[in-house]
Amino acid sequence: MPADSGIAEAAAVLRAGGLVAFPTETVYGLGANALDARAAARIFEAKARPSFDPLITHLADAADLPALVGAVPPAVAALVERFWPGPLTLIVDRPAAIPPIVTSGLDTMAVRVPDEPSARALIAAAGVPVAAPSANRFGQLSPTRAEHVVAGLGDAVDVVLDGGPTRCGIESTIVDARGDRPVVLRLGALPVEALVEAVGPVTVRPGSSGQPVAPGTLAAHYAPRTPLRIGTAEQAAGGGGRRGFLAFRERPVAGDWAAVEVLSPEGDLTAAAARLFEALHRLDAAGVTEIVAEPVSDVGVGRAINDRLRRAAATWH
């Protein structure tokens, strides 16, 4: 149903323990009442998500954070003041009200306030914090349209709110700012450069091969069903089969490609990020046997794009 007119019904579903997929500025989330352990368990079941991968808790307003967790560390409060609402997830100590299943047994919790009016309206109308990972099967491409949610999860979701394509197109940046220096645990839609400008030096430590310390940090993740590898058109020229190519700025001259997606002819990294998953969804549906993805400039949000491509490729290699 439309995101603007379906808020009240979707909020009632959340309060009753159901699952609601909803748009944020990053990707579509699969939401459940974060105070209800049984409802949170439905997220893991619907996504086939391993229980060791924690969820992000979403709030309607930054003022709801101290009400939920108590005293907020000064560095965390500074980032809240600067970047919420927005694509920044912060690590805080897990409050007693949040059941351990939401945090996969960790004593920390990932939390953010989305910069999407319909998402905040939904959470406010539900009257509870909402646990919500991306609304897709675990490890697969994140959804940036309601159609992606329906195709991936089907009737495992009680309500899908359709707010059109998401603005950022990749997930939030995750930061642990409880220590002496903020640590970026997942690259995302908020560039590292913006964090450095706001708070000074940060440590970047994305990726995990064991128990994740934050959502979406496994080394192999965000993958299409079609095998993907990273490379330029020139490097991949001469390969056989029906292959697809994901280009940053220009269609490739070299190689025989059955399908091509160009992220941003203008070379705009923000636009490229917004189109990344949608382009990969189209290539995945094109019947190709392999996707070759061209890396982008490793600056700004380009670092997050390359991070997603590396994780997708790691699934297949």
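**Glu 171 and its surroundings**

I listed the contacts of Glu 171 (heavy atoms within 4.5 Å), leaving aside neighbours within four places in sequence: Thr 26, Val 27, Ser 142, Arg 186, Gly 188, Ala 189, Tyr 222, Phe 277 and Arg 308. The model is predicted: local features need pLDDT of at least 70, side-chain atom pairs count only at pLDDT 80 or more, and totals for chains, interfaces and linings use all residues. Residues are numbered from 1 along each chain as its sequence is written, and side-chain values use heavy atoms, with hydrogens and water left out.

I placed Glu 171 in the loop between β7 and β8. Strands are DSSP runs of E, at least two residues, and helices are runs of H or I, at least four, numbered from the N terminus.

Is Glu 171 buried or exposed? Its relative accessible area is 5%, so I count Glu 171 as buried (under 20%; exposed is over 50%, partly exposed in between; 1.4 Å probe, protein chains only).

I then checked Arg 308. The side chains of Glu 171 and Arg 308 make a polar contact at 2.8 Å. That term means a pair of N or O atoms within 3.5 Å; within protein, one must be able to donate a hydrogen and the other to accept it, and residues adjacent in sequence count only if both atoms are side-chain atoms. The two C-alpha atoms are 9.6 Å apart, across 137 residues of chain.

**Thr 166**

I found Thr 166 in the loop between β7 (159–160) and β8 (173–176). Thr 166 has 8% relative accessibility and therefore counts as buried. A polar atom of its side chain lies 2.9 Å from the backbone oxygen of Thr 26. Not counting residues up to four places away, Thr 166 touches Thr 24, Glu 25, Thr 26, Val 27, Tyr 28 and Thr 144.

**Helices α9 and α10**

I looked up α9 (residues 269–284) against α10 (residues 302–316). Their axes are 9 Å apart, at an angle of about 25°. Axes are lines fitted to C-alpha atoms, for helices over the stretch in contact, and angles run from 0 to 180 degrees between N-to-C directions. The pair is therefore roughly parallel (under 35 degrees).

I listed the contact residues. α9 gives Leu 269, Ala 272, Ala 273, Leu 276 and Phe 277; α10 gives Gly 302, Ile 305, Arg 308 and Leu 309. Arg 308 of α10 is also the polar partner of Glu 171.

Terms used. Angles under 35 degrees count as roughly parallel, over 145 as roughly antiparallel, 65 to 115 as roughly perpendicular and the rest as oblique.
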